[in-house]
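Here's a quick briefing to read alongside the model. Have the sequence and the 3D view open as you go.

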Amino acid sequence: MPPSFTDIVEEARLSARALLDYGESLFNPAVRLGVTGLSRAGKTVFITALIHALTRGGRFPVFEALDTGRIARAELAPQPDDAVPRFDYENHLRTMIEERRWPNSTVDISELRLVIDYQRHNGADRRLTLDIVDYPGEWLLDLPLLNKSYEQWAGESLALSREAPRAHLATKWHEQLATLNPQEKEDEQATRASAKLFTDYLRACRDERFAMSLLPPGRFLMPGNLATSPALTFAPLAVPADGVAPEGSLWAMMVRRYEAYKDKVVRPFFRDHFARLDRQIVLVDALAAFNSGPEALHDLEAALAGILDCFRIGRGTILSSLFRPRIDRILFAATKADHLHRLSHDRLEAVLRRAVGRAVARAEATGTEIDVVALAAVRATREATVTRGRDRLPAIAGTPIPGETAGDETFDGHTEVATFPGDLPADPESLFDGSAAFRGLASAPANTSDFRFLRFRPPSLEHDGKGEPSLPHIRLDRALQFLIGDRLQ
Ligand SMILES: Nc1nc2c(ncn2[C@@H]2O[C@H](COP(=O)(O)OP(=O)(O)O)[C@@H](O)[C@H]2O)c(=O)[nH]1
Ligand SMILES: [Mg+2]
């Protein structure tokens, strides 16, 4: 398909922006790091820990520039983009360190600038500006919509909603859908009702017991500042993929709003934020998928493939040399690895590697470097051993969040417990093909499911006299080395 007029205008605008950014970076070396992941994946905690690591230091043996003392100073600088909220670092940090609570969840994009003064290997003093952009992964899953007509999107969404285990979550929406005739006159009330039931269905899929990840349009769940606007008030109808909507019909109204969603929501995000990133980390809560079951794991795999496809959008089109995303390194990180014993960290990494495997092969052909890590940005547990009869099992110990339960016990938020969270299999394939007995909460009650991860409070920290204590982590240094290590040579 030849590029449409809007595409050309859009690309011209993007190119101008890219040139401007590029010119600036010649004088002031800068990296724009995107941090994304679905809601609750651990973005806020990760960014807080990253900034704390750079500004305060700590034990980061694999992050060479910090470990060898070549980073002289890292400081927060005023946030450069006036229209984007500032990442609330100080508050998030205080909540974790002083209150031992996790930061409140965030639903919008935010940004923070860090200026790093360092010494090059050859001794010269240099400065690197690091812009960190925190944005919901749900928004990223919208990018493929740019290449889809309403009819295609509606068809795919309906087909997905008829598969197990989603189908029964969609019952109410399907009932309402059956009463709609796409050819009839447009109807605001019916559209709003339909959009609401469709959104309820998407939300139900996000419920912890299903943890499903593949749910565009992303703003239906993460509206940012757009809740209830007409561009977010539409839903799939049962219409033929190659059909044309009659003028004035309900169908035509849905098409119009779907297109508005693309123009007013998806494209600006792509242009103003996504297309300007240099590096990207995608945080993945793989443990939530284990908690839930094999369907959630497959869903996660599909969502990750979708995300990787986004990084290739624009590549290979005629006009795309300046328009394409310029991201040259992507790190996929399984977060919250502190819920597993050290012996399982490599296995968690292997599972993630398997989940992104096919998509990675395609992306790497375009020259993007991709890596995978299992990490805990803030480590809430320590290792322990529990004895069961004659067996000594590798366990983890921590303080469960008040209200967490195990068996009949409800925790008060003060008692520390040791738990055996379950072992990941040595061969990740067995999780995907279902050969490993693997029951998640979606199909089994909590006490018989194979994995059960308690949520712990942030760690209690020892003050070592140097002011603020450093935050313990797992492999955060490896992530930093991959993401910015080469820019601090
Ligand atoms: N134990 C542990 N829990 C974490 C870690 N990172 C995130 N979490 C948990 O995951 C929740 C969501 O994290 P958050 O950073 O707010 O996710 P976001 O929605 O992606 O920004 C937190 O409230 C914590 O309960 C970690 O490194 N270790
Ligand atoms: Mg957040």
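Let's start with where the ligand is: ligand 1 sits in the largest pocket. Keep in mind that this is a predicted model.

**The shell around ligand 1**
- There are 16 residues around ligand 1, and Arg-40, Lys-43, Thr-44, Val-45 and Asp-338 come nearest.
- Sorted by class, that shell has eight nonpolar, four polar and four charged residues.

**Polar contacts and burial**
- Val-45 uses its backbone here: one of its N or O atoms lies 2.9 Å from an oxygen atom of ligand 1.
- With Lys-336 it's the side chain, where an N or O atom is 2.9 Å from an oxygen atom of the ligand.
- Asp-338 goes for a nitrogen atom of ligand 1 instead, with a polar side-chain atom 2.8 Å away.
- How much of ligand 1 does the protein bury? Taken alone, the ligand exposes 580 Å², and the protein buries 96% of that.

**Aromatic pairs**
- The structure holds 16 aromatic pairs.
- One of them is Trp-173 with Phe-198, a tilted pair with 4.9 Å centre to centre and 50° between the planes.
- Why call that pair tilted? Because planes under 30 degrees apart count as stacked and over 60 as edge-to-face, with the rest as tilted, and the planes of Trp-173 and Phe-198 are 50° apart.
- This pair links distant parts of the chain: Trp-173 belongs to helix H7 (residues 171–178) and Phe-198 to helix H8 (residues 188–206), with the two residues 25 apart.

- Most residues other than glycine have a negative phi.
- Arg-40 isn't a glycine, yet it has a positive phi of about 75°.
- You'll find Arg-40 in the loop between strand E1 (30–37) and helix H2 (43–56), and it's also among the residues that come nearest to ligand 1.
- Arg-100 isn't a glycine either, and its phi is positive too, at about 50°.
- Where is Arg-100 placed? Look in the loop between helix H4 (89–98) and strand E3 (110–119).

How values were computed. Residues numbered from 1 in each chain as written. Chains lettered and ligands numbered in written order. Predicted model: local features only at pLDDT ≥ 70, side-chain atom pairs only at ≥ 80, totals over all residues. Heavy atoms only, no water. Near = heavy atom within 4 Å. Polar contact = N/O pair within 3.5 Å; in protein donor to acceptor, adjacent residues only side chain to side chain. Areas by Shrake-Rupley, 256 points an atom, 1.4 Å probe, with all protein chains shown as cover. 1 Å grid on protein atoms, 1.4 Å probe; cavity = no way out; pocket = protein on both sides within 12 Å on 5 of 7 lines; lining within 4 Å. Sits in = over half its atoms within 2 Å of the grid points. Nonpolar A, V, L, I, M, F, W, Y, C, P; charged D, E, K, R; others polar. Phe/Tyr/Trp six-rings, centres within 6.5 Å; stacked < 30°, edge-to-face > 60°. Helix = DSSP H or I, 4+ residues; strand = E, 2+ residues; numbered from the N terminus.
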